[in-house]
Amino acid sequence: MERYVGIDVGAETIKLAEVVRERDELRLVRHEVVAHGKEPGPRLLEILRAWDWDKVSSAVATGRLGRQLALERIPTKQALLRGFRFLHGGDPATVVNIGSRGFSVLEIRAAGDPAYRESSRCAQGTGNFLRQLVERFGLSVEETARITASVGEPAPLSGRCPVILKTDMTHLANKGERHERILAGLLDAIAESAEVLVKPRRSPPRVLLTGGVTRARRVREHFRGFLERNGMSLLEADLERSLVLEAVGCAVHAARERPGARPLGELLRPTVEAKIEMVPALRSALPRVRRMPPPPAARGDGPHAVDVDV
């Protein structure tokens with residue numbers, strides 16, 4: 001039995017998926033999501049040992065930190081596309097991804113190339129941003145998702161800017177507003193920021209949500225309402241499989257292209273030390289400075305008088 005592994009190394013988590021080939025068909029047999037604590041290399045090696053890496057036929061990587069691996073890498077867009085088609089078929093769809101460092105939309109159309117849009121570099125709408133804010137209330141993201149699921153009247157918050165959003169949340173908390181209402185407003189603002197990337201008149205109406213933030217029920221229900229108002233629908237799918245969509249796409253790519261897999265001891269690329277070029281202090285250039293004499297004072301009786309030739 002041939003085994004193929006896909007690896008998505010993100011800013012906060014490692015996502016893995018394994019597919020096997022049985023009678024010329026591919027089948028997803030396992031997947032996993034783990035936090036790497038800013039040390040993805042050692043954590044990944046630990047997991048792959050448990051996955052019996054030496055018997056893997058081929059592997060492919062993607063993700064923000066995927067370049068640390070000595071494996072063939074594919075873009076996130078391609079990984080999402082292959083993962084979606086493997087799990088949900090080839091019909092047109094819109095894939096909305098809200099992850100730790102941003103959000104994106106992939107439009108899989110009936111004809112033509114898929115369209116891919118990403119958020120700006122602004123922190124608003126990301127998993128890291130959400131985690132930082134809820135920790136101010138002494139809560140985890142999971143606890144926040146639980147206590148906000150049934151809030152009917154969230155605090156009105158705008159997601160137009162993370163700085164303003166933080167200020168508004170602090171102001172409401174200082175006024176004694178209930179925490180669950182504030183946090184419900186926060187999740188709604190994050191959902192609205194991602195919804196901006198969906199184009200109801202152009203995006204395929206079948207929508208799949210992926211990424212860690214979309215596990216929150218409130219975010220999913222906010223999206224459902226937005227989609228229904230615009231003649232679109234939310235694709236009901238296994239949340240855990242949706243979370244590893246990129247890793248599944250990498251595993252499928254590995255099975256079809258068969259690029260091979262390095263031994264575990266050679267999987268991590270050597271760390272390249274970054275060097276900062278030092279330049280002399282500005283004071284060392286003082287002897288080269290030439291001071292210009294002040295211009296002559298204007299003539300005349302008043303402060304603004306000028307000479308005029310007639």
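## Starting at strand β8

Strands here are DSSP runs of E with at least two residues, helices are runs of H or I with at least four, and both are numbered from the N terminus.

A word on the ground rules: this is a predicted model, where local features need pLDDT of at least 70, side-chain atom pairs count only at pLDDT 80 or more, and totals for chains, interfaces and linings use all residues. Residues are numbered from 1 along each chain as its sequence is written, and side-chain values use heavy atoms, with hydrogens and water left out.

## The chain as a whole

Let's step back to the overall picture. The chain holds nine helices and 10 strands. Its radius of gyration is 27 Å, well over the 19 Å from the globule rule for 310 residues, so the chain is more spread out than a compact globule. This radius is taken over C-alpha atoms, and the rule is 2.2 Å times the number of residues to the power 0.38. Along the principal axes, the C-alpha atoms fill a box of roughly 105 × 55 × 45 Å.

Of the 310 residues, 44% count as buried (under 20% relative accessible area; exposed is over 50% and partly exposed is in between, with a 1.4 Å probe and protein chains only). Among contacts (heavy atoms within 4.5 Å) between residues at least 6 apart in sequence, 70% join residues at least 24 apart.

The accessible surface comes to about 17800 Å², with 49% belonging to carbon and sulfur atoms; the area is from the Shrake-Rupley method with a 1.4 Å probe, and for residues only the protein chains shown count as cover.

## The five-stranded sheet

Five strands form an open sheet of mixed pairing, in the order β8-β7-β6-β9-β10. The edges are β8 (115-118) and β10 (233-234), each pairing on one side only. Two strands count as paired if DSSP finds at least two bridges between them.

On the β8 side, β7 and β8 run antiparallel and are joined by four bridges, with S104 opposite E118 in β8. Their hairpin has six residues between the strands, and G112 takes a positive phi near 85 degrees there. Strand β6 (residues 93-98) pairs with β7 (residues 103-108) in the antiparallel sense over six bridges, and N97 stands opposite S104 in β7.

Moving across the sheet, β6 and β9 are parallel over four bridges, with T94 opposite V207 in β9. V207 also stands opposite L234 in β10, where β9 and β10 pair in the parallel sense over two bridges. Four of the five residues of β9 (residues 206-210) are buried, so this strand is largely enclosed by the rest of the structure.

## Two positive phi angles

Most residues other than glycine have a negative phi. Two residues are worth a look with that in mind. D24 is not a glycine, yet has a positive phi of about 65 degrees. D24 sits in the loop between β2 (13-22) and β3 (25-35) and is exposed, with a relative accessible area of 73%.

R258, also not a glycine, has a positive phi of about 50 degrees. R258 lies in the segment after α9 (245-257) and is partly exposed, with a relative accessible area of 46%.
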